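Here is a short briefing to read alongside the model. Please keep the 3D view open as you go.

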Amino acid sequence: MTKLGLLLLVGLLFVGCSNQPATILVNGTGFDIDQIAQGQQLYSQYCSSCHGVNGEGQFPSAPTERDATGRFGAPPHNGNGHTWHHGDAMLIEYVRNGGISLSDPVNWYPMPAFGEQLTNDQVMVILAYIKTFWSNEQRARQAEITAAENGVRTNPFQVNPGS
Ligand code: HEC
């Protein structure tokens with residue numbers, strides 16, 4: 001997506017509140033269009049090779065099936081996937097610490113841990129960009145999941161302090 005395309009998309013998300021700065025919330029922090037464009041840049045650098053340029057996943061035609069090697073690939077992050085079923089704290093932790101695949105490489109392609117390469121802010125702007133793949137309804141539902149999760153989970157930044 002071009003920056004203009006992203007601008008238009010993010011602009012559309014906020015129709016009806018045009019006097020407000022356009023932001024997307026991640027873990028309680030609002031990210032504006034310029035920051036989301038940075039997230040797009042980081043996403044294309046660190047995530048798109050596996051999860052797809054537009055979040056379509058590693059095997060877009062059969063995202064939830066094993067391939068010939070018997071493994072599941074990187075899932076879609078767009079509205080067809082289940083990323084939006086997870087709250088922000090869980091998603092941040094997942095990106096920082098890596099996936100289930102690290103302990104179960106037989107069934108999964110690898111999801112690396114990015115906690116050493118990306119700062120907390122970089123992970124959050126990437127997630128802000130991923131949220132542009134979702135519908136208004138999906139974003140609203142995911143915000144509820146995030147709110148519920150924050151009641152029971154620790155702050156992700158305290159799970160692995162210092163890294
Ligand atoms: C080398 C390929 C690869 C790269 C690069 C990669 N992922 Fe993944 N990712 C995977 C695979 C495979 C899975 C599923 C297996 C697992 O969860 O361990 C996954 C799972 C996930 C999940 C959990 C499933 C879901 O949709 O909720 C999230 C979130 C995620 N990745 C985010 C990212 C982000 C953000 C980046 C870039 C910073 C990234 N991944 C880069 C391969 C990758």
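Which residues does Y129 touch, not counting residues up to four places away in sequence? Y129 touches I36, G39, Q40 and Y43, where contact is defined as C-beta atoms, placed from the backbone, lying within 7 Å.

This is a predicted model, in which local features need pLDDT of at least 70, side-chain atom pairs count only at pLDDT 80 or more, and totals for chains, interfaces and linings use all residues. Residues are numbered from 1 along each chain as its sequence is written.

**Helix pair**
- The axes of helix α4 (residues 88-97) and helix α5 (residues 120-131) come within 10 Å and cross at roughly 120 degrees.
- That angle makes α4 oblique to α5 (angles under 35 degrees count as roughly parallel, over 145 as roughly antiparallel, 65 to 115 as roughly perpendicular and the rest as oblique).
- D88, L91, I92, V95 and R96 of α4 meet V123, M124 and L127 of α5.
- Those contact residues comprise six nonpolar, no polar and two charged.

**Nonpolar core**
- The largest nonpolar core has 20 residues, and M124, L127 and Y129 are among those with the most contacts inside it.
- Two or more residues come from each of β1 (23-26), α2 (33-46), α4 and α5.
- The most come from α5, which gives eight residues.

**A loop residue to look at**
- N27 sits in the loop between β1 and β2 (29-32).
- Phi of N27 is near 50 degrees, a positive value in a residue other than glycine.
- Most residues other than glycine have a negative phi.
- N27 counts as buried because it has 20 C-beta neighbours inside 10 Å (the cut-off is 20 or more for buried, 12 or fewer for exposed, and partly exposed in between).

How values were computed:
Axes are lines fitted to C-alpha atoms, for helices over the stretch in contact, and angles run from 0 to 180 degrees between N-to-C directions. Helices (H or I, at least four residues) and strands (E, at least two) are DSSP runs, numbered from the N terminus. Two residues are in contact if their C-beta atoms, placed from the backbone, lie within 7 Å. Ala, Val, Leu, Ile, Met, Phe, Trp, Tyr, Cys and Pro count as nonpolar, Asp, Glu, Lys and Arg as charged, and the others, Gly among them, as polar. A nonpolar core is a set of buried Ala, Val, Leu, Ile, Met, Phe, Trp, Tyr and Cys residues joined through C-beta atoms within 7 Å.
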